Amino acid sequence: MFSFFKKKTPQPSPEQDRAQEPPAAPVPAPAADQPAVPPAPREPIAQEPVAPGMAAPDTPVAPPPVPEEPAAPAPAQPVPAPAPAPAPAPAPQAAPPAKSSWLARLKSGLSRTGQSLTTLFVGVKVDEDLFEELETALIMADTGVDAAQSLLKGLRERVRQERIEDGDRVRQVLRELLAEHLRPLERRFDLDRPAPIVTMIAGVNGAGKTTSIGKLARTFQQQGRRVLLAAGDTFRAAAREQLVEWGRRNDVTVIAQEGGDPAAVAFDAVKSGQARGMGVVMVDTAGRLPTQLHLMEEVKKIKRVIAKADASAPHEVLLVIDGNTGQNALAQIKAFDQALGLTGLIVTKLDGTAKGGILAAVAAGAQGVRPVPVYWIGVGEGIDDLQPFVADEFAGALLGN
Ligand SMILES: Nc1nc2c(ncn2[C@@H]2O[C@H](COP(=O)(O)OP(=O)(O)OP(=O)(O)O)[C@@H](O)[C@H]2O)c(=O)[nH]1
C-alpha cells in the first residue's frame, strides 16, 4: 500500500492555539514540528509539470493584486518559476483498486466499530435485552442517542411486524435501516461543471486536510482534470512543504508562499487556475479550532477574497473531520458551517476506529447540526484510501452484509 504524507512527528494537538504563540512565529504545531528558525526561504512555487494526458500548460501569468479587502496585506507573489523539471516520480499506483478490495479495506477499517455491534447478534435471543444492548453499542460507536433511538425504534417495529426470531435477521434489518438513515448524506462530487471548480478545505489541526487534498488531486487527475493546489497554511512551513512535496512528486501545480496572507495565496491560486485552464483549484487552509475566533475570522476572509477572484467561488467548501473525534465532530461541523457555509464533509481515519458511527449522528442532525453531505471517507493513509461515501457500503462494512 502506497503511503504518503506521513508526518515525521506526532500530530499537533487540536488544543493548541496559535494565538498563544509569539507574533513572530504564529504557528500551531508543536515545537518538534516547528524549527525555531524556519527553513531557508522557499521561492513561491508554481510547478508546472504536466500530468500524463493533460494539456500543455499555459504561460504562467502573474496574478493581479488582491482587491481591496480591509486589512489585506500585499498580495502574494507566486512568481511562477519555470518548471523545475524534476523527472516526475512514477505514479505510485496507476489504477484505482478493484471495488472488492476497497470494500474489504473499508470493512477491515471499520472492524473495530463493527465488532462491538455484530458480536451481539450471534446465537442471541431476540428480546428487549438485545435491543438495550444494541442501543448501548450504537451509542458507544458514536451514533449519538438520537440516531440510536431512532434506529432501534425502526428495528423494534420491523421485528414485531415480521415476527423475527433469528439474531442474524435482526442484524440484516438493522443494516438496512442504517443504510436508509445514512442515505441522505450521500453526495457525488460533480466534476462536470464550469472550471475551475474552486474548492476550499478547512478543519482542525491534524484532521487530514493536506493528506485528503493529495488523495483528491490524484483522483481528479485520474478523471482527466488538471489540478492546482494552494498552500493556504502560510504559517507552518511543514504544512506548506508537505503540499509542495506532494505536488513535486505528482505533477501538480502548487501555489505556495512563506508567511503573508493566506487569503492572498488563495486569490492568486484562483486567478492562476483561471488563466491556466485548470479543472480544479483546491485551497488548503491552516488547521484551526472553532473556538479560535480570530482564526475563524481569517478563514472567513479567505472565502471572501476567493469570491473577489471569481464571484461564483468557492464552489465547494469542505470540512475535513477526523472520524475518531467523537461527538465533538458535531460542534466542529456546526461552527465551520456557520462561519463558511459548508457544502460537504470528508470524514477521515475511519480505519481502526471504534467510533465509525459518527455519520449516523450527523444524519440525525444531532445537537442541531445540519446534515452536511459526506463526499468522501478516509480509511487509511494510502493514496486510494479516500473513497466516495456510499451509505449502503458503509452500513454493510459496519454491520456485515
Ligand atoms: N489512518 C489514517 N490516517 C490518516 C487518514 N487521513 C490522514 N491521516 C493521517 O493523519 C495525519 C494528519 O494528516 P494531515 O493531512 O497532515 O492533517 P492536516 O489536517 O493537514 O493537519 P494540519 O496541517 O496540522 O492542520 C497524517 O499522519 C496522515 O497520514 C486516514 O484516513 N486514515
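1. Helix 6 (residues 209-222) contributes the most to the shell around the ligand, with three residues; helices here are DSSP runs of H or I with at least four residues, and strands are runs of E with at least two, numbered from the N terminus. This is a predicted model, in which local features need pLDDT of at least 70 and side-chain atom pairs count only at pLDDT 80 or more, whereas totals for chains, interfaces and linings use all residues. Residues are numbered from 1 along each chain as its sequence is written.

2. The ligand is surrounded by 25 residues, the closest being Gly208, Thr210, Thr211, Gly287 and Gly378, where a residue is near a molecule if its C-beta atom, placed from the backbone, lies within 6 Å of it.

3. Eight strands form an open sheet of mixed pairing in the order 3-2-4-1-5-6-7-8, two strands being paired if DSSP finds at least two bridges between them. Strand 3 (253-255) and strand 8 (386-388) are at the edges with a single partner strand each, so one side of each has no neighbour in the sheet. Within this sheet, strand 2 (residues 227-232) runs parallel to strand 4 (residues 280-285), to which six bridges join it, and Ala230 stands opposite Val283 in strand 4.

4. Ile306, found in helix 9 (residues 293-309), counts as buried because it has 26 C-beta neighbours inside 10 Å; the cut-off for buried is 20 or more other C-beta atoms within 10 Å of the residue's own, with C-beta atoms placed from the backbone. Leaving aside residues up to four places away in sequence, Ile306 touches several residues, including Val198, Phe267 and Val283, contact meaning C-beta atoms, placed from the backbone, within 7 Å.

Methods:
A residue is buried if 20 or more other C-beta atoms lie within 10 Å of its own, exposed if 12 or fewer, and partly exposed in between; C-beta atoms are placed from the backbone. Two residues are in contact if their C-beta atoms, placed from the backbone, lie within 7 Å.
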